[in-house]
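Reader: Before I use any of these labels in my own work, I would like to hear how each was assigned. Could we take the terms in turn and set the values against their cut-offs?

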Amino acid sequence: MDSQGGPYLNKNALCSALGAARLCQLAMGCAVIAMVTHSAGYSGSHGVFCMAAWCCCFAVSVLVFFLDATRLYSCLPISWDNLTVTCAACATLMYVTASVVYPLFFVRSECPYAGCDVRDFRIAVTVCSILGTVAYGAEVALCRARPGHIVVGYMATAPGLLKVVQGFVACVIFGALANRSEYSRYTATIYCVVVYAFCFVLTALVVIMTVCKRTKAVRCLPFDRFVVVCTLLEVLLYLSASVVWPVFCFDTKYGSPSRPSSCPQGKCPWDSKVVVAAFSCVNFGLYLADLVYSQKIRFVSSHRPSNSRV
């Protein structure tokens with residue numbers, strides 16, 4: 001018992017829907033890592049990514065569960081609600097990606113040279129990874145702000161969750177740029193890379209400021225207006241990049257509108273250019289939705305001052 005007469009441990013960390021979701025995350029993460037290291041195996045850059053994603057999410061989940069159960073998070077100079085929903089959203093995206101990439105590259109209908117046990121373990125890994133995705137998604141759903149309820153943190157709102165998705169999509173773009181995208185051939189494509197990097201840094205800055213409770217006025221702007229201004233700037237920049245990149249990569253004057261027949265599978269610059277173009281449009285849509293939702297939430301909060309966003 002502590003000095004206030006309450007228990008040392010937080011029983012809600014176990015006896016609640018949120019606690020059950022986190023325990024499921026730990027169970028599925030442990031099962032996936034154990035099966036992969038025991039027999040399922042992994043290799044190449046795709047396997048390393050999947051294993052790194054599972055291990056990173058498991059380590060963060062263990063830390064979050066421990067700090068929540070012991071209430072030690074109160075000693076940290078952070079917004080706990082914002083941090084946990086951000087971690088859960090990131091883990092959901094990483095698990096979704098790993099749940100698609102791992103079976104795509106490692107699961108086959110026929111048995112590999114190592115025997116059918118390896119195939120069965122890989123199928124089990126995929127199933128547990130999907131269940132882990134559901135568990136992390138459930139935490140996001142449980143923490144997400146709903147109309148008519150008090151908002152406990154900006155990252156629990158639709159714009160906050162969109163910030164996480166925007167950062168994840170930007171990482172996909174960076175990965176494609178690093179994979180023989182030939183972005184340095186033209187000044188215009190270099191401009192697009194600068195846009196992607198600048199918007200990613202700006203988005204990460206907003207998330208870090210929110211998690212670290214640095215949400216007071218920025219210079220002469222309130223934090224909510226600062227976020228809207230940043231989002232509008234990102235929308236305009238991504239709009240320009242979504243137009244410039246395809247022109248300088250697929251127009252006959254600068255590149256090829258169709259995939260070259262001589263291009264090797266998995267090592268073709270054209271494929272990377274397509275990925276960058278597609279996800280540029282995706283992120284433009286995400287930033288546009290973020291701008292719309294930010295305006296909506298700002299309007300509601302201005303009429304209900306007691307329901308603070310952050």
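Author: A salt bridge here is a side-chain nitrogen of Lys or Arg within 4 Å of a carboxyl oxygen of Asp or Glu, and by this rule the count comes to six salt bridges. This is a predicted model, in which local features need pLDDT of at least 70 and side-chain atom pairs count only at pLDDT 80 or more, while totals for chains, interfaces and linings use all residues. Residues are numbered from 1 along each chain as its sequence is written, and side-chain values use heavy atoms, with hydrogens and water left out.

Reader: What makes the pair of E139 and R22 a salt bridge?

Author: The N to O distance between the side chains of E139 and R22 is 3.1 Å, and the rule asks for a nitrogen within 4 Å of a carboxyl oxygen, so the pair qualifies. E139 lies in helix α4 and R22 in helix α1, so the pair ties together parts that are 117 residues apart in sequence; helices are DSSP runs of H or I with at least four residues, numbered from the N terminus. Both E139 and R22 are buried, a word that means under 20% relative accessible area, with exposed meaning over 50% and partly exposed in between (1.4 Å probe, protein chains only).

Reader: Why is K273 called buried, and why is E182 called partly exposed?

Author: K273 has a relative accessible area of 9% and is therefore buried, whereas E182, with 37%, is therefore partly exposed. E182 and K273 also form a salt bridge, their closest N and O atoms being 3.3 Å apart. That pair links distant parts of the chain, with E182 in the loop between α5 and α6 and K273 in helix α8, 91 residues apart.

Reader: What makes the space lined by E182 and K273, among others, a cavity?

Author: On a 1 Å grid over the protein atoms alone, a cavity is a set of points where a 1.4 Å probe fits but cannot get out, whereas a pocket is an open set with protein on both sides within 12 Å along at least five of seven lines; lining residues have an atom within 4 Å of a point. The structure holds one cavity of 30 Å³ or more, and the largest cavity contains about 40 Å³ of space. Its lining includes S181, R185, Y186 and F248.

Reader: How large is the largest pocket, and which residues lie nearest its centre?

Author: About 1,300 Å³ of space lies in the largest pocket. Of its 32 lining residues, T97, C171, V172, G175 and A176 lie nearest the centre. Helix α5 gives the largest share of the lining, eight residues.

Reader: What makes I123, V127 and L131 a nonpolar surface patch?

Author: Patches are made of residues with over 30% relative accessible area and no salt bridge, with like charges joined within 9 Å and nonpolar side chains (Val, Leu, Ile, Met, Phe, Trp, Tyr) joined within 5 Å. I123, V127 and L131 make a patch of about 230 Å². L131, in helix α4 (residues 116-143), has a relative accessible area of 42% and is therefore partly exposed.

Reader: How do you know that Y42 is neither buried nor exposed?

Author: Y42 has a relative accessible area of 39%, so the residue is partly exposed. Y42 is found in the loop between α1 (17-40) and α2, and its C-alpha atom is separated by 9.4 Å from that of F105, 63 residues apart along the chain.

Key:
Accessible areas come from the Shrake-Rupley method with a 1.4 Å probe; for residues, only the protein chains shown count as cover. Helices (H or I, at least four residues) and strands (E, at least two) are DSSP runs, numbered from the N terminus. Grid points are joined across faces, edges and corners, and a volume is the space filled by probe spheres set on the points.
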